[in-house]
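Biologist: Hi! I'm new to this one, could you walk me through it?
Modeller: Happy to, let's open it up and go piece by piece.

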Amino acid sequence: MAGWIRFGTLLIVTSASTSEGAPPYRRAEATIEARVEDLLARMTLEEKLDQLHQCGTADLNPNNLASRADEFRATYGSYILGGSPTVLETRNGLQRRAVEESRLGVPAVFAADVIHGWRTILPIPLAQACSWDPVLVEAGAALAAAEASAHGIDWTFAPMLDHCVDPRWGRIAETFGESPWASSMFAAASVRGYQGEDPAERGRVASCLKHYVGYGASEGGRDYSFTDISRQALWEWHLPAFEAGVRAGAASVMSAFNDLSGIPTSANPYTLGTVLREQWGFDGVVVSDWNSVLQLVRQGFARDGADAAAAAIRAGVDVDMADGLYREHLAAHVSSGRIPMETIDDAVRRVLRLKFRLGLFERPYAERNHFTDTRPDTERGAVALALATRSIVLLRNDGTLPIGGDARIALIGPLATERAALLGSWAQYGQPDETATIAEAIERIGRGRVVVTSVTEGCPIIGDGEGKDFSAAVAAAVASDMVVLCLGEHAWMSGENASRASLSLAGDQLALARALLDIGRPVVLVLVSGRPLEIESIAPRCAAIVAAWQGGSKAAEALASILLGDANPSGRLAITWPRVTGQIPVHHGSRPRARGGDEGAYRDIEDSPLFPFGHGLSYTDFEHGPIRLSAAQTTLDGTIEARVLVRNAGARDGTETVLWMMQDPVARITRPAEVLRHFETAEISTGEAREFVFRIEPRVHLSYPDEEGRRLLDTGLVRLRVGRQVVEFEVVE
């Protein structure tokens, strides 16, 4: 398929080709379905089953391919590649075997976890969601796709769309926060960014929605654990973002690790068959997560590997990642009649269809280009910087920020000089040595405006928690006007297999903070993390608190620009920030308790979170006018417009996000206290005003699912909130 893709000033042209006299599946001018059927009819059972096997390569040296021929058969359907310097050569070496050394020359497809960047690392997805800017998130995904495809990646295992309200779960860093509505918007944006109009275009990759489904509700935040989710909750909280990704055209879906209410998701005929295939009409590839077919045995759903392979393929898992159980057992199942050949053929069809959609038969080899061999340039860095800046959330500020007036700053804390920690988990080909530290960025950007008197670690990120000599840090603080205290997590402390029983700052970090707060100098607390952290005991004493997250390659520059006032903070929390770990779960979608007031609440802490969903401060003042409705009521099939005028009454230009929260007080199935149903972000110059409009369609914005996903809609009163402004309207027959 001919086409082109533009990334900045770089124009990459794709080309179409025809092959006269070639078999139908080799003819680019034929339809994809005709090519699939022709190729499928020529394949042996062994060749078909190899197409359903996905092989991991780790950091395989391409020079060793020949010596490991049995491990990497020419007929394998797909491979997982890591972010090593030889990834392109490895990819093309394996592809050469597939195209030139197999009977039918079926190309392989090459995948990787391009979660938030490849070489230019973007903020973790949780941070990206705090930007409330789907257009910018889409641009970030497009950049990641361009860089990854230049290294031979055809298929990314992203975006991750798990719904989670428990920050003890390390993989909350990879989510788009706690709102299914917002996650749905970011899901569609990510799919568009990765795939573009056509995933076969140069610079694009196939996307994969993961982890389907319910994985984010793991018991106690423990990874890979059982999830007990009612059907109604599944439809209301966990499925919406996946449906949005499917509607946006995602090429694939990944079945998850978790046991979902007794039926593991990699063998679940309801979620994979009834919902995904039948109700949503998804015709793309379903790939298992790593060894998740084999793990059906450990979960007690399958007796052995043979039983697990049968359960997964019957439920609708097309590609078996890593464990090899399909190759080992499916031929015998077909021979015995346990698995019909039609089931195998349907799975192979979907794999072949993906390869034709990606143009791999016409363009099997990856070619080096501008993105392969160069360090991230100014243009690529600009995308990362913009997203990192917009993702930072100013949680608290007594006026100390922005820093100015020749202030003398003591930079203290283990995260002040960290590089890899800024990149976060799944950094792939990201280079820590190309990443500025917070100290370096503040010293460079603030030169001539502020004085960094010292840079002091204070304590390591991880310690024994038994106390430490903080005298050097205390002396540095005393000798300065203010302290910028950088605390948080290593990159590996959040992400996969990084569950934590406590959100407390690790090691001696909390003790360090208390020692510095006791001095009396203003302390600006900067948190570098993949999740909310427990800071209630010190938060009221801090002059300012900044959630910098794990912001990627340009995290330090983005933070420096916020602290020094070159950029006005605009991030808003996409996740509720609890006071203490024991308060979990606490989120904006909770249903009301049976008794009002503080009855039923914990008696040893305040009932409210430390920082609520949607919280975020600015260096300017935005004034929200009253919400104006176009009518006092609307019908079930009607519409009603809500408008709010937001004025920038401060002295600086800024970006404001309006979150429209809705509540249905009485319904056939009880409803959450409130849920997000629309959001919009806009830049507003000082002294100017912007009108934000929400066109409410009851069947879209007020309906809710029952246990089978059927949409219910009630008449009656509805409450609508923006900030502190609340109005009511009525829905009638």
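Biologist: Which unit do β16, helix α19 and β17 make?
Modeller: Together they make a β-α-β unit, and it is right-handed. The helix α19 covers residues 509-517. Keep in mind that this is a predicted model.

Biologist: Good to know. How many bridges join β16 to β17?
Modeller: Six bridges join them, and the two strands run parallel. Strand β16 spans residues 482-488, and Val 484 stands opposite Val 524 in β17.

Biologist: And which way does β17 run against β18, parallel or antiparallel?
Modeller: Parallel, with four bridges between β17 and β18, the latter being residues 544-547.

Biologist: Is β17 mostly covered or exposed?
Modeller: Mostly covered: six of its six residues, 523-528, are buried. On one side you find Val 523, Leu 525 and Leu 527, and on the other Val 524, Val 526 and Val 528, with both faces covered.

Biologist: Let's switch to a helix. How many of the eight residues of α7 are buried?
Modeller: Seven of the eight, so to speak a mostly covered helix, at residues 231-238. The buried ones include Trp 235, Glu 236, Trp 237 and His 238.

Biologist: What covers the buried residues of α7?
Modeller: Several elements do, including the helices α6 (180-195), α8 (240-247) and α9 (269-279). Strands take part too, among them β9 (259-260), β24 (675-684) and β26 (704-705).

Biologist: Nice. Now, in what order do the three strands of the open sheet with β8 come?
Modeller: The order is β7-β8-β11, and the pairing is parallel. At the edges are β7 (208-212) and β11 (285-288), each of which pairs on one side only. On average, neighbouring strands of this sheet are turned by 25 degrees against each other, direction ignored.

Biologist: What stands opposite Ser 252?
Modeller: That would be Val 285 in β11. Strand β8, residues 252-255, pairs with β11 over four bridges.

Biologist: Last topic, confidence. Where in the chain is it lowest, and where highest?
Modeller: Strand β2, residues 10-14, is lowest with a mean of 36, while β18 is highest at 99. Over residues 1-18 the pLDDT is below 50, and beyond near neighbours in sequence this stretch has 40 contacts in the model. Where pLDDT is low, the predicted coordinates should not be read in detail.

Biologist: What does the chain average?
Modeller: The chain averages a pLDDT of 94, and 95% of the residues score at least 70.

Note on methods:
Residues numbered from 1 in each chain as written. Predicted model: local features only at pLDDT ≥ 70, side-chain atom pairs only at ≥ 80, totals over all residues. Heavy atoms only, no water. Buried < 20%, exposed > 50% of the residue type's maximum accessible area, 1.4 Å probe, protein only. Pairing = 2+ DSSP bridges. Right-handed = clockwise from strand over helix to strand, strands pointing away. Contact = heavy atoms within 4.5 Å. Axes fitted to C-alpha atoms, helices over the stretch in contact; angles between N-to-C directions. pLDDT = per-residue confidence, 0-100.
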